[in-house]
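Here are some notes for a first look at the disulfides. Please read them with the structure open.

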Amino acid sequence: MSIGKVTVIALAFVGSFLFIIVNKGTSRYAPAPKPVAVLTPFDGKLTVQSIDDLRVAGRKIVLCGVAFTRPQSMRAMVTEAARRDYQGLALTCKPVGTGTPCDGNVAPKFGDAVVVQCLTSGGTDLAAKLVEAGILCGQPAQAGSTYKSCVPGS
């Protein structure tokens with residue numbers, strides 16, 4: 001093979017290689033980015049599978065600003081109380097970032113659950129009701145003094 005042919009092949013190879021490097025990630029054939037899910041308020045009835053597994057309209061939720069912090073031995077009793085008093089309650093839930101007491105303090109999702117503030121049709125905050133009933137405890141780091149903490153002095 002002559003030097004001229006080798007030179008042409010080498011230049012073609014280098015040119016192709018540079019073209020690939022420069023256009024990497026900008027190819028018109030690159031997959032479109034996944035759309036970002038926009039969390040919007042939703043309505044539905046409350047289902048209490050356990051005190052740590054609440055669902056509204058089939059969506060798993062975590063109530064912002066509150067948590068179950070009682071001894072694990074109380075879990076079954078607390079779950080039954082929540083089921084008895086709140087199962088089927090009609091709620092409107094707004095995700096964190098849409099005007100909840102936890103905005104800016106917690107992420108809008110926790111695992112597969114949406115972090116929300118849920119209100120009854122009368123405007124009563126479900127988390128406040130559960131704290132008042134002694135079922136859940138306020139978490140000041142998440143919602144400030146919105147919900148009463150179970151820890152004295154918090």
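Is C150 buried, partly exposed or exposed? Point 4 gives the answer.

1. Ground rules. This is a predicted model, in which local features need pLDDT of at least 70, side-chain atom pairs count only at pLDDT 80 or more, and totals for chains, interfaces and linings use all residues. Residues are numbered from 1 along each chain as its sequence is written, and side-chain values use heavy atoms, with hydrogens and water left out.

2. The link of C64 and C102. The search covers the whole structure and turns up three disulfides (a disulfide is a pair of cysteine sulfur atoms within 2.5 Å). One of them joins C64 to C102, with an S to S distance of 2.5 Å. C64 sits in the loop between β3 (59–63) and β4 (66–67), and C102 in the loop between β5 (90–95) and β6 (109–110), so the bond ties together parts 38 residues apart in sequence. Strands here are DSSP runs of E, at least two residues long, and helices are runs of H or I, at least four; both are numbered from the N terminus. The torsion about this S-S bond is about 90 degrees, so the disulfide of C64 and C102 is right-handed. Both cysteines, C64 and C102, are buried. Buried means under 20% relative accessible area, exposed means over 50%, and partly exposed lies in between (1.4 Å probe, protein chains only).

3. The link of C93 and C118. A disulfide also joins C93 to C118, at 2.1 Å from S to S. C93 belongs to strand β5 and C118 to strand β7 (residues 113–120), so this pair ties together parts 25 residues apart in sequence. Its torsion is about 105 degrees, so the disulfide of C93 and C118 is right-handed. C93 has 0% relative accessibility and therefore counts as buried. C118 is also at 0%, so C118 counts as buried.

4. The link of C137 and C150. These two cysteines form a disulfide with sulfur atoms 1.8 Å apart. C137 lies in strand β8 (residues 137–138) and C150 in the segment after α4 (140–143); the pair links distant parts of the chain, 13 residues apart. With -90 degrees about the S-S bond, the link of C137 and C150 is left-handed. C137 counts as buried because its relative accessibility is 1%. Now the opening question: C150 has 33% relative accessibility, so C150 counts as partly exposed.

5. The pairing pattern. Number the bonded cysteines of the protein chain in sequence order. The pairing then reads 1-3, 2-4, 5-6.
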